Amino acid sequence: MSETRSVPAPTAAPEEEGHPRRWAILSVLVVSLIVVVLDNTVLNVAMKTLAEPAPVGVAATQSDLAWMINSYTLVFAGMLFAFGVIGDRIGRKRMLIGGLVVFGVASLLSAYASSPDQLIWYRALMGFGAAMMMPSTLSMLRNLFPAKEFPKALGIWTGAVGIGGAIGPIVGGALLERFWWGSVFLINVPIVIFGIIALLIMAPESKGLQVKPDLVGMALSVIGLVSLTYGIIEAGDQGSWASPEVWGTIAFGALVLIAFVLWEKRTPHASLDMKLFKNSRFSASSAIIVLTFFGMMGLFFFMTFYIQIVRGYSPLETGLLFLPMGAAMLIFAPMSNALVQRVGAKVVGSVAMLLVIANFAISAFVLDLDSPVWLLILQFAITGIGMSNLMPPAMNTLMSAVPRERAGVGSALANTLRQVGGALGVAVLGTVMAQAYRSEITDAIPQLPDAARESIATTYGAVESGAIPPETAQQVMDAANTSFLDALHTTALSAIGVALVGLIVIAVFFPGKQRREPEADQAERASEPALIEA
C-alpha cells in the first residue's frame, strides 16, 4: 500500500525568483542540447562520403549506413526514461556532466573509426551519452526557473532544438568541403569541454525525492522501449510490417510496456505515476507530441530526398533551405507563452497545427519537379512557426503536471514520446512512400529490375552503377523523379490525416483562455501542504 504523507510546500521565494544565474545557465544547457541535435543531422550529410572506400570513407554498405543512424536511435530511445529517473535520484547536474563526458569520448572515437562496425558501436555509445543528457537539460530548467518564467525558458529550449537541427547540415557540409569525414564528429569535442567547464562553475545540483529506486520499472521500460523501437526501425528499413522480426519485436516490446504499466500501478515507489494520464490535458499533450513528430519526422525524412536527389541540391544547400524552419522556431518559440496567456492554448495550438497541416498540403498539392526555391523557404518557415507555437504549450502542460522533484521523469517521458513518435512516422510513412513508389515506377518502367524499384535512391544507384543501359538511363531517372513526386504527394496526404487527428485532440482537450486567479486565492493555495506519494 502506498502511504500519502503531507510535507510543507516549497517556500515562495525560490518559486517566485528562481536561481539568480538561471538565464546564464540556460545558455549552457542550450549549448549542451544543440550538440546532441546537431550531431544527428550532421551525420546525414556525411552518409555519401562514408560509403566511399578508404581513405575517403569507410566503405560502408547501405545496411551499415542505416545502422549508423539506428544504433544511436535505439540506445537513445531505450535509455531515455531510465536515465530521467536515475537523474532525479543521483542529481541532474551530475547526470548531465556524465552524459557530456560519454558523448565527447564517443565522438572522439567515432572521428577515428577505421571500419563501419566500429562506427556503429561508437554511435550507440553516443546515443547512451545523449540519453543521459537530454532529460537532465529539461528537468534542470524546471528547477531553475519560477513557474511564471518556465514557459519562456521552455520556448528557448524548443527553439534550440529547431536551430540545432537546421544548422547541422550547414556545419556538416562546410566541414566536409574542407576536412575528412571524421571532422563532423570531432567538432563535438570542444563544445562538450566548454559545456562541462561551464556547468561545473555555474550550475547548481538538484535532486528529487530520495525514495527506494524502482529497479523493476526501469528495467521493464528499457527492455520494452528497445524492443519496440527496434521493430519500428526494422519496419522502416524493410518497407514492410509483415516480417516476423518486425511484428515479433514490436509485439514483445508492447507486452513488456504493458507489464511496465501494470507494475507502476501497483508498486509504492513507481517511476511514473500512472494517475497522471487520468488528467485529460496531460494525456492530450502527450498525444500531440507523438502525433506531431510522427508527421513531421516522417515527411521531412523524404523531403531531404526530394531536395538532394530530385532537385539536385548539395548537402550544404539543403541545410540552408532548412534554416528558415530553425530560425522561425528560435524566434517564435519564446513568444508562444505570451500568446497562450492572451488567447488560450486551444486557439494557439489549433492555429499552429493548421500551419503544420499547411506544410503537408504544400507537399501534397503544390510541390512539383520545378517548384521555385522561395516556395520551399516559405514551406519550412511556416513549419517552424507552427512547431514553435505547438510544442512549447504541449511540453509545458506535460512538465507542469509532474512535481518538481520528479522533473527528470517528465522530461524523459516527453523526449521518449518524441523519439517513438518520430521513429513511427519514418516507419509508417516510409511504408506508404515505398509502396507508392514501387507501384508508380513499375507502371512507368515495367522492365526495371526489382532491386532498383525499392526507392528513388536505389533507382539512381542502379543508373550510376551501370546496371541500366546508358541509352535508357535518362528515361529511368525522369520516371524515378515523377514516381517519387507522386509517392510524396500520397505520403503527405497520409501526414495530413495524422495532423487532423491532432487538431481534433487540441480542439477537444486543450484549455481555452484562462482567467487570472485572484491574489488571495493564489496565496491560500500556495500555503496548502503538497501531497507526495511515498
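This is a predicted model: local features need pLDDT of at least 70, side-chain atom pairs count only at pLDDT 80 or more; totals for chains, interfaces and linings use all residues.
Of the 534 residues in the protein chain, 54% count as buried. The chain is built with 20 helices and 2 strands.

Let us look at a pair of helices next. Helix α4 (residues 92–111) and helix α5 (residues 116–144) have axes that come within 7 Å and cross at roughly 155°. Since angles over 145 degrees count as roughly antiparallel, α4 is therefore roughly antiparallel to α5. The crossing of α4 and α5 is left-handed. As for what lines this contact, the residues where α4 meets α5 divide into 16 nonpolar, 9 polar and 3 charged.

| Residue | Relative accessible area | Class |
|---|---|---|
| T292 | 3% | buried |
| F252 | 45% | partly exposed |
| N359 | 1% | buried |

T292 is found in helix α11, which covers residues 280–310. With 3% relative accessibility, T292 falls under the 20% cut-off and therefore counts as buried. A polar atom of the T292 side chain lies 2.7 Å from the backbone oxygen of I288. Setting aside residues up to four places away in sequence, T292 touches M353, M387, L390 and M391.

N359 lies in helix α14 (residues 345–366). This residue, N359, counts as buried because its relative accessibility is 1%, again under 20%. Not counting residues up to four places away in sequence, N359 touches M296, F300, Q379 and T383.

F252 is found in helix α10, residues 244–266. At 45%, the relative accessible area of F252 sits between the 20% and 50% cut-offs, so F252 is partly exposed. Once its neighbours within four places in sequence are left aside, F252 is in contact with I223 and S227. F252 and G224 are 28 residues apart in sequence, yet their C-alpha atoms are 7.3 Å apart in space.

Methods
Residues are numbered from 1 along each chain as its sequence is written. Side-chain values use heavy atoms; hydrogens and water are left out. Helices (H or I, at least four residues) and strands (E, at least two) are DSSP runs, numbered from the N terminus. Buried means under 20% relative accessible area, exposed over 50%, partly exposed in between (1.4 Å probe, protein chains only). A polar contact is a pair of N or O atoms within 3.5 Å; within protein, one must be able to donate a hydrogen and the other to accept it, and residues adjacent in sequence count only if both atoms are side-chain atoms. Contact means heavy atoms within 4.5 Å. Axes are lines fitted to C-alpha atoms, for helices over the stretch in contact, and angles run from 0 to 180 degrees between N-to-C directions. Angles under 35 degrees count as roughly parallel, over 145 as roughly antiparallel, 65 to 115 as roughly perpendicular and the rest as oblique. A crossing is left-handed if the near helix is turned anticlockwise from the far one by less than a right angle, and right-handed if clockwise. Ala, Val, Leu, Ile, Met, Phe, Trp, Tyr, Cys and Pro count as nonpolar, Asp, Glu, Lys and Arg as charged, and the others, Gly among them, as polar.
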